[in-house]
Amino acid sequence: MTAPDPMRRVLDVLDLEALDADTFTGGSLPKPGGRVFGGQVLAQSLLAAARTVPEERLPHSVHGYFLRAGDVREPITFAVERMRDGRSFSARRTHALQRGEPILSMITSFQVDQPGLEHADLPPTSVTPPEEVPSATDLLGAIDHPVAAFWTESAAFDLRHVGSPVYLGPAEERTDRQMVWMRARGPVPEGQVMHRALLAYACDQVMLEPVLRRHGLTWATPGLSMASLDHAMWWHREVRVDEWLLYVQSGPNAHGGRGLGAARVYTRDGVLVATIAQEGMVRVPEED
């Protein structure tokens, strides 16, 4: 029997079961270390909230806090609170629960499509196209290690760093700036809610990398401990995750065992579709 493709596995775990009109349940994808992937629970919480609003209202922002580490062996319950329904906007709070305790608390705001002022920042010029950039599979595919497998054969998104990645070795330059191309590795259903949820899923893989890059660290740094603390995201325009997206990233601050990552997400044609910010715990062993 052929194993499902990586994107199919993600879509299956995002297909939540309704327990009642405001409560849903879902499982988790396997992950090295047994902790629930933050992007997964973000996407699930968003989809749970979206099930409680009229379909013409699309998510335009989320603000969430990761409160506890989730266990991939335990089901997750998503309890949605209907905070407000106005003429144009709806707000929902979602608690993602395991063993009766929240692992994520998130507010999502939805809006009907409306006319208004229009402008957007432009992307960098002369960016190397994704076809000329090696993928994570090219760089890590031959390595027999669970983390390498997570980034390659089991990954639902093709990641391609413009410049050296920080998977195994430090960046050539200590800077908090990086650019990453990203695209789904399999078919994605139509519908903006799913595409926006998958963008939330995917971005959690790279949001704190600029902090590592700035300090000469890598994902393989011995003793490195990282965890997402909070996450904010704004969708500005329609987005398709099955087309190449460029993450233009920065890490403007690190202090007190925390690091801040930010990203602007552009289509290949240079249209700004989303802005993201995330703070996470970033700890490394002190040198003797």
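Select Glu 190 and Arg 240: they form a salt bridge, with the closest N and O atoms 3.0 Å apart (a salt bridge is a side-chain nitrogen of Lys or Arg within 4 Å of a carboxyl oxygen of Asp or Glu). Glu 190 sits in the loop between β8 (178-184) and α5 (192-203), and Arg 240 in the loop between β9 and β10 (245-255), so the pair ties together parts 50 residues apart in sequence. Helices (H or I, at least four residues) and strands (E, at least two) are DSSP runs, numbered from the N terminus. Glu 190 is exposed at 62% relative accessible area, while Arg 240 is partly exposed at 27%; buried means under 20%, exposed over 50%, partly exposed in between (1.4 Å probe, protein chains only).

This is a predicted model, in which local features need pLDDT of at least 70 and side-chain atom pairs count only at pLDDT 80 or more, while totals for chains, interfaces and linings use all residues. Residues are numbered from 1 along each chain as its sequence is written, and side-chain values use heavy atoms, leaving out hydrogens and water.

Next, select Arg 258 and Glu 279, whose side chains meet in a salt bridge (3.2 Å, N to O). Arg 258 is in strand β11 and Glu 279 in strand β12, 21 residues apart. These strands pair in the antiparallel sense over nine bridges; two strands pair if DSSP finds at least two bridges between them. Glu 279 is also the bridge partner of Leu 260.

Last, select Asp 71 and Arg 73, a salt bridge with closest N and O atoms 2.8 Å apart. Asp 71 is buried at 10% relative accessibility, whereas Arg 73 is exposed at 71%.
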